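Here is a short note to read with the model open beside it. Take the points in order, and find each residue as it comes up.

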Amino acid sequence: MITLHEAYEQGSDDVKAAIQAFGASHPSTVPTPGATPPEPDWKTAEKHFTQLTEVIMGAAIPEQPDRPSIVRRAEQEAVAFLLAVTQQTNFRCPICVMRYRSPQ
Ligand SMILES: [Zn+2]
């Protein structure tokens, strides 16, 4: 499966910007208002991108038995999803949102 880093390397400027925004939504430390934003926690962002791809792929599997093409399609959809959602102000990663909602 493609990694966030590979998607970044292969992506257009728009894709790169979307991936940067996705990374920034996973700060390595708690952001302080007015201060320089913390470095992205790329390890978490990478993990959540993979989970996002798996969620998309899981939904697609019953319709198509051809797994390699499903994986490719899911990767493209995950990148397209990032392109769309990172346009929003106050964007939040859906995997993080799901995590906050589920009981510990
Ligand atoms: Zn996340």
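Predicted model: local features only at pLDDT ≥ 70, side-chain atom pairs only at ≥ 80, totals over all residues.

1. Now the overall plan. The chain has 5 helices and 0 strands. Its pattern along the sequence is α-α-α-α-α. The chain holds 104 residues, and 17% of them are buried. Look also at contacts between residues at least 6 apart in sequence: 48% of these join residues at least 24 apart.

2. Next, the core. The largest nonpolar core contains 13 residues. L4, I19, F22, F49, A78 and L82 have the most contacts inside this core. Which helices supply at least two residues each? They are α1 (4-10), α2 (13-24), α3 (42-60) and α4 (67-85). The most comes from α4, which gives 4 residues.

3. Turn to one pair of helices. Two packed helices are described by the angle between their axes and by the distance between those axes. For α2 and α4, the axes come within 9 Å and cross at roughly 75°. That angle falls in the range from 65 to 115 degrees, so α2 and α4 are roughly perpendicular to each other.

4. Which residues make this contact? On the α2 side they are D14, V15, A18, I19 and F22. On the α4 side they are V79, L82 and L83. By type, the contact of α2 with α4 has 7 nonpolar residues, no polar ones and 1 charged.

5. Pick out I19, one of the α2 residues in that contact. I19 is also among the residues with the most contacts inside the core. Set aside residues up to four places away in sequence. I19 then touches L4, A7, Y8, G11 and L82.

6. Finish with V79, which sits in helix α4. Is V79 buried or exposed? The cut-off for buried is 20 or more other C-beta atoms within 10 Å. V79 has 25 C-beta neighbours inside 10 Å, so V79 counts as buried. Beyond its neighbours within four places in sequence, V79 is in contact with A7, G11 and V15. V79 and L52 are 27 residues apart in sequence. In space, their C-alpha atoms are 9.7 Å apart.

Technical notes. Residues numbered from 1 in each chain as written. Buried ≥ 20, exposed ≤ 12 C-beta atoms within 10 Å, placed from the backbone. Contact = placed C-beta atoms within 7 Å. Core = buried A, V, L, I, M, F, W, Y, C linked by C-beta atoms within 7 Å. Axes fitted to C-alpha atoms, helices over the stretch in contact; angles between N-to-C directions. Parallel < 35°, antiparallel > 145°, perpendicular 65-115°, else oblique. Nonpolar A, V, L, I, M, F, W, Y, C, P; charged D, E, K, R; others polar.
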